[in-house]
Each structure stands twice: as C-alpha cells, then as structure tokens.
Amino acid sequence: MRRCKLPRAVEHPVRSALLALGLTLGLAFVSCQDERSITDARHAPRLAASVQTATVVISPTADAFLGIDATNYGSAATLNVYTWPDKKIANAIVLKFDLASIPAGATISSAALNLNLTKSDATGDPTYTVTVHKIVNKNPDLTRATGYTYNGANAWTPNTCCYNNIPLAQADIGAPVDTKAVDKTPGFKQWDVTSLVQGWLSTPSTNFGLLVNSDPSKLRDRYRTFSSSEDPVAGNRPYLTVVYAAPAPAPTPSEHSAVLSPTGDTYLGIDANNYATGTTLNVYTWPNDTIANAIVMKFDVGGIPTGSTISSATLRLNLVESDATADPTYTVTAHKILNRNVDPARATGYTYDGVNGWTANTCCRNHIPLAQADISAPVDTKSIDKTPGFKAWDVTSVVQGWLTTPSTNFGLLLNSDPSRLRDRYRFFSSKEDPVVDHRPSLTVVYTAPADSTPPGQTPPPEAQLGQWSAVFPAPIVQLHVHLLPDGTVLSWGLIGDPQVWDPTTGTFTAVPSPSLLFCAGHNFLADGRLLVAGGQIRGDSGLPNTNLFDAATRSWQVAPLMARGRWYPTNTTLPDGEMLTVAGTDQNGAVVPLPEIWDGTGWRQLTTASLELEYYPRDFVAPDGRVFYAGEEQPSRWLDVTGTGRWSDGPPRKQPGWRSYGSAVMYEPGKILYAGGGYNPPTNTAEVIDLNEANPTWRYTGSMAYARLQMNATILPTGDVLVTGGTSASGFNNRAGAVHAAELWSPATGTWTTLASNAVTRTYHSTSLLLPDGRVLHTGSGDGNNAPRELSYELFSPPYLFHGARPALTGLTPTVVGYGQTLQLDTPDGASIRKVTFIRTGSVTHAFDQAGRLVPLAFAPVSSGISVTLPASRTTAPPGPYMLFLVNANGVPSVGRIMRLE
C-alpha cells in the first residue's frame, strides 16, 4: 500500500496557471511513502535553518515574455501580460535569477519580486490580476524561448488553455505563490516569492525561473506592461530583494551562544510621555538636523557565567517602517548608556526613571535632554536602508563591559540621525510586537570559564566537553531502551531476544518476549511495569498484542488485545494511571485513527477522536490534563481523553513543514523543546512552547551547531538537554552526514554548547537513555534501511561529572512515594544543593522518549540534609517510576534514587 499526503487544495496545473500569475517559492509537493518498508516514514520537505541576517538585491540573469507566436522577446525593453481574445492568456513573463550570492543553507525570511509598471490598458477596468509561479518540468533559455518552445527547439508541455492551443508554459508552472491585483498607477509592484526562492536555494537544480501570468478572467485587450532588463533607465529594471539568515559556522567546542530578549525597551521623544507599551521603537529627525527620538533598551546578561570572554554580541532590530522621502538610507548609531540607570517602563525625553532628569544638554529641540549627555561615543554605526527586516549592530565591547562590571549595565541607546532634514525616520519592532519573531534580540557568543578549576590550573577538557567511553559489545541492536525501576535497562531490536543490561556489571540477560515487539509503543504504568502496545507481523503490519514487563520478576505478562494492531504507535501514561495509545498501522498496514486507553484490565476506544497521525507522534500530558501532540506533522494538536475523546487544533510550529525524526522533550512541566528533524535537508533549528500560558505559541530558541535527524534528545539532572547522534545529510537515513559531536541545550539561556564526539555512527534506530549515575547510554542504529547493525553501546559522561565531587545521599529513600509527600533526605552536602530534580525513567525509540519528563522539586535545608516536597499534581507528574537527583552549586548531580510515584 502507498499512502500520499495531499495538500488541502490541489488545482490542476493548467487551471492553477490560469487563475493566477505568481512566483512560486516551493510547490506544495505531494509526499508519498511506500510503508511496506520499515525504513520509510511519513514526511514533508523543510526549509533550511539560519542564524545571521543580510539583504541582497538581485537583477535577472535573463527575462522575456512569451507571446502567441514563435517570436523570442528576450531583447525587448518591456515585459507584457495581456488578455486576448476574451479570457485567454496571450502573454506570460519569464525571469531567471542567479542565487549564487546567497550562502548555501541560508534561511530566506523574505523574497520579493519587483516589477516597474509603465503602461496599462485604457479600459474602465481598474485592476488586472497578475500571479507569480514557479517554473517546473522545463528549464527555459530566455534568449530563445517563445510561446511554443522553452529553448527555441523543444516544446513546452502541450495544453489547451490559450489561443490556438499555444502552450505558453501553462502546463509547466506550479500553483500561484502570490497574486496581486495590479492597478494602473505607474511604478514598482511587488510579489512575495519567499517560498520559491527558498526552494531554489535548497535545491538549485530546480531553479528554472519564475513565470508572471496574465489574467484569464478579463475581456480582450486588457494588459499591464512592465520594464525589462533592457529598459534604458537602470532604476526601472526588474529586481529580486532577498532577506536571508546565513547559517552560523559551527562553534568551537568551548563556545556558547545566548539569545537574549530585552527586559525593557522604549523610545524617548521630545515630550514627557513614556512609550514602553508601544509596539514600535522609533528614531526620528525633526526639525531639520535635530534628534527627536532615541531608543533605549536593557538586557539581563546574568545568565552568562562571570568571567566569560565575549567573542561577539549582536543587537538585532526588525525594521517595519521608513519615511517616504527619496533619501535611501538613515544612519543609526548604538551607544552605551552612562551616568543614569534607565528604567524603560518610566523613562521619557526628560527623565530616565519618570522622576529624575537626564543630564542637561542643548542638543535637541527646546533643550529636551533625550539622554544625549548620558551616552558613550558610538560603538557601532549603521546606514539603514528601507528594506524591511532585521538590521544588526555590533555591541561586543558594551556587553563585555557589563559582564566584567555588572554595576555599569545601564542599557543601550540607539540614536537618530542628526544629519538629516525633518521627517526622516526608521521604525523598528519592540518587545511588544504581537509577532514574537519580530521582537528585538541580543545574540552573545562567549567562552565560559571552567567550573571549579583552582587558579593557575588549566581545566581538563572533559570539564568542558564531557567524555565518551570505549565502545562495548551488545548482543542486539538496542533500538528500544527502557530504564527499569531497579536501575537496569531493558532493550530489544528486530533480531534476537530482548535483553536486560546491568550498568554496574555490563552483563546482558535474555528475556524472550511472547511476541515480536519491533516498532511497538511503550511506557511505564503507575505500578512500574512497562506496557508494550503492538509490534510487528511483517512490513508495516502491526500486532494488536499487549505485553507487560515486570522488572521485579524479570518476566513478561500477556494482557488482552487491542481493537486493532499497531506498528509505530506512541504510549502516554495519563494522570489517572491509565495508558493512552495513538497512531500506528494495523494488521493490514492501514493507519489506525482511533486512540485506545488501557484501564488496567482492558482497552477502550475513543470513538469520537478519529484522526490519522504519522508514526510515533510526539505526545505529552499537558498541565490541564489534555494530551498535547507536538508533531511531527503540522499543526500541533490537543487530545481531550475524557468521555469518547476529542481532537482540536493547536498552534503551528515555527519551523515550516514536518520535523520528521526530530526529537522532543518536556524539559520542565508544560515546557517542550523540539529540535532538528526534516529530510531535505535536516534542520539545525529548535523551538520551544510553554503549555502553561493562556495561549501557548511556539517560538524559536537557539539553533544547534549541526542540522540533525534520527537524533535523540535526553533530559539531564541539571535540566539541560543533551542531543546525540543523527545525520545532517538530506534523505531518510543518509549516513554520509553522520553527526558524532554531542550538543547541550541550556533552558536558562536558550543556547547550545558543542561537546565531545562519540566513535560509532548512530542514525536511524539509534537511542539514548539517562542512567541513574548521570551518564547517558548511547546505542543502537541499524536493523532497517539496509544500514549496518550496530551491535554495540557507548556511555557519555557529561561535563558536570568533571566539575568536582558529587553531592552524597547517605540515607535510605523510599521506593514508593505519594503526591505532595515531604521527604527528609540525608546528605552532608545540604548547604551546597541548588536544585532537586525528579525525572521520569526513560522509554526511548525512534528519536523520542515516550516516558521522560523533568519536574523541579521544592526543597529546604534541615539539620541532617534537605527536606524535599514531591509534586502534588498528577498532570505535572503522571504516576510511575522517577529518578530523584540533587544538584550542587557546581552543577554536579548526585547519583539518582529511583522511586515510584503513585
């Protein structure tokens, strides 16, 4: 069976061409997979990732228009769209652009086609619809192309849309990427071709150019004429404006990158008003040669370790509006604020805090000070053009000064251009802009000092990079791994019996299963047993079996069957201890749309919650008790499991398309990180969402150094997230792009640190699992996709294990605990404890831990150690086995104690 995921509205290509003239940045591709192969997965293409913004203006390498004749118009001074006879396309404009000036792997934030209108028909019709399309199938030679042929010899694909069946490329274009009703006012008109240009950049072999189409809805002799590249006036010629973010170079292993949002921002005006709640930050010149506005902002750099070395600090502001004068640029300077510690929530042109005045000076209108005597010389100067999008200033020296002497952090000021005539200005987004991605940011790249290193000594590299063990043999490919309540690890693959591995001895013990568990779903019940739902018959045909593994007896128990088989499902432990199973394919390879819930004795279907999902959905219990589906496909969704169930749409993720085989974790209650994924190519981006908010929305966090799919994200005792393995190369499992370096994400700063590299290539079917001693088991890869079967495992010791002695838990701890219970933990290190974390024991496969989540615990020092309060909410911590860790001031965790919460 083949399943195809179709876009919601797919037009016949000729019909689409007739409906609009558009530049298509990426067709809505139909995604089909043969799911009889265990190597396939439902997916969609993605756009490449980025970190640094630039703008480029590109002229066409060639342009022409096609007519209903055999003439080439590549040397004409105009580009024409024309309707003749009635409701028939008679001309189509074609243009080609070379994107060589844009770095490979860049992310296109905007791309606009600009054409200068010079002439319109004399009829009473006020507008004429012009659409832009991606050219597909034929790569035209615009010095030879005609309405009949794309290169002077070979024909466009035949179709019947136009006069006398002349093809006019109408069967060789995608659906419109933008549609504009063009009026008759001469001057430049613009079309959004962002997706089209990103597609060309991602896959240069598809850059056949774009087509601008006539309006097939009009009567005869309606037209619009635009300037071509041969227009004698250079300023009238077509151009493409592309705003892009260049991919960041991989940081050195010791380098970190933090993206900070302002703690406050506003602009000062020549009045007594405070503008902190405005959605824009404005610089303005009025009257002539006089500063009228100045932007002030503050950033908290407390998350950057004291003693760090700042290698770069970049302030980024999103330009949203410019004056309408002919002045093409406006100079904006960045300054350090001195003398006065500004309060952005109260500051005005007169006062820095709503009460006390800025230092008096005479530079501005009516001697309003506008902070001009309380700033340094410019630290960076930028000529800001009128192209919307992000602009950047280098404020490295300012941020280094704040870090070295925190008492001097009074904020930044961006100044207006005093050299301009009146009413010249630039407006930027503030932190109140409703679009999160438009808000200001400060990106700081720094090298942190080593922790706990005596003065004069060089820290060991492991303290910064962590350390990988030797490669140890394993009897199977460990593509399903589970930390059991006794601290051992259960695993299985496609071939061979399931095994229990003892981390203390390194020994494996076979525990044969009642049925083939390959590609099943799994999670821990409230009583600590592992419930395994489904498995494989063959190909993509799933078993309906239910199997339970009891660590105490090292035995399997067979439970009642599900209503249908499941292959590639996800299990989620619900707050009441029941188990939800969603997705997968049944005994016949058909997608199973109805969720089922295990109540302890049998299964029930959620009959009003029918929805086809991709394999192994990334599901989490949300703070309100619903199940939140984070992906892989768009959008995220909510499942209400009460009664017979109900799905509802949630917010779309920021990353376009699917995050196929990316990894998602709930790193704090209700807070999810989703990193990597995608096929063509994989992405290095990551995004987060906070389900505790009234209207949760996804937002980007820092990007990884490496694009990855088939990777694993693992929550560590510190609350940081470790990413291991995967591949950066395009394709489902392209081992040529294998990533060996681990990376660590900090929730406090949203930044990634590159760590040490492991030895074995681990991609599809690799797994990673947190152990009680704070190390991470990294294993698997193979048993599918014709990839090597990796019969081995490695152990990663994160940097925190080299930052000094561990906190000690000296007394006994209970194996079963209750909600809201207070525990007295014996430790001689109580005074040094800074964090106590509760992490659900992992159950990992296919780049996703179906069980893991971290809950920070409240604690207080007592005479013999610390007092710890366990979660009171079942939605915060669904029942089952957890590891409790103490983390000291150096970020070093204790050995975890496993206890079952019920």
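Me: Which residue of β11 is the bridge partner of V132?

Reply: In β11, V132 has V212 as its bridge partner. Before we go on, a word on the model: it is predicted, local features need pLDDT of at least 70, side-chain atom pairs count only at pLDDT 80 or more, and totals for chains, interfaces and linings use all residues. Residues are numbered from 1 along each chain as its sequence is written, and side-chain values use heavy atoms, with hydrogens and water left out.

Me: What makes β8 and β11 a pair of strands?

Reply: Strands are DSSP runs of E with at least two residues, helices are runs of H or I with at least four, and both are numbered from the N terminus. Two strands pair if DSSP finds at least two bridges between them. β8 and β11 have four bridges, in the antiparallel sense, so they pair by that definition. Strand β6 (residues 92-96) is also joined to β11 by four bridges and runs antiparallel to it; there V94 has L211 as its bridge partner.

Me: Which way do the side chains of β11 point?

Reply: L210 and V212 point one way, L211 and N213 the other, and all are buried. Buried means under 20% relative accessible area, exposed over 50%, and partly exposed in between (1.4 Å probe, protein chains only).

Me: Why is helix α2 called mostly covered?

Reply: Seven of the nine residues of α2 (residues 194-202) are buried, including W200 and L201. Among the elements covering them are β11 (210-213), β8 (128-134) and β10 (187-192).

Me: Why are β30 and β60 called edge strands?

Reply: They belong to an open antiparallel sheet of six strands, in the order β30-β29-β28-β27-β59-β60. β30 (508-510) and β60 (848-849) each have a single partner strand, so one side of each lacks a neighbour in the sheet. Further in, β27 (residues 480-483) and β59 (residues 843-845) pair over three bridges, with V481 and V844 as bridge partners.

Me: Why is the ring pair of Y568 and Y615 called tilted?

Reply: Rings of Phe, Tyr and Trp (its six-membered ring) pair if their centres lie within 6.5 Å; planes under 30 degrees apart count as stacked, over 60 as edge-to-face and the rest as tilted. For Y568 and Y615 the centres are 4.5 Å apart and the planes are at 45°, so the pair is tilted. The two tyrosines are 47 residues apart, each in a loop, and both are buried. W745 and W752 also form a tilted pair, 6.4 Å centre to centre with 45° between the planes.

Me: How do you know that R659 sits over the ring of Y674?

Reply: A charge sits over a ring if NZ of Lys or CZ of Arg is within 6 Å of the ring centre and within 35 degrees of the ring normal. The charged end of R659 is 5.9 Å from the centre of the Y674 ring and sits over it. Likewise, R316 lies over the face of F390, at 4.2 Å from the ring centre.

Me: What makes a group of residues a nonpolar core?

Reply: Such a core is a set of buried Ala, Val, Leu, Ile, Met, Phe, Trp, Tyr and Cys residues joined through side-chain atoms within 4.5 Å. The largest one here has 41 residues, and W752 and L770 are among those with the most contacts inside it. Apart from it lies another core of 33 residues, including F97 and V182.

Key:
Contact = heavy atoms within 4.5 Å.
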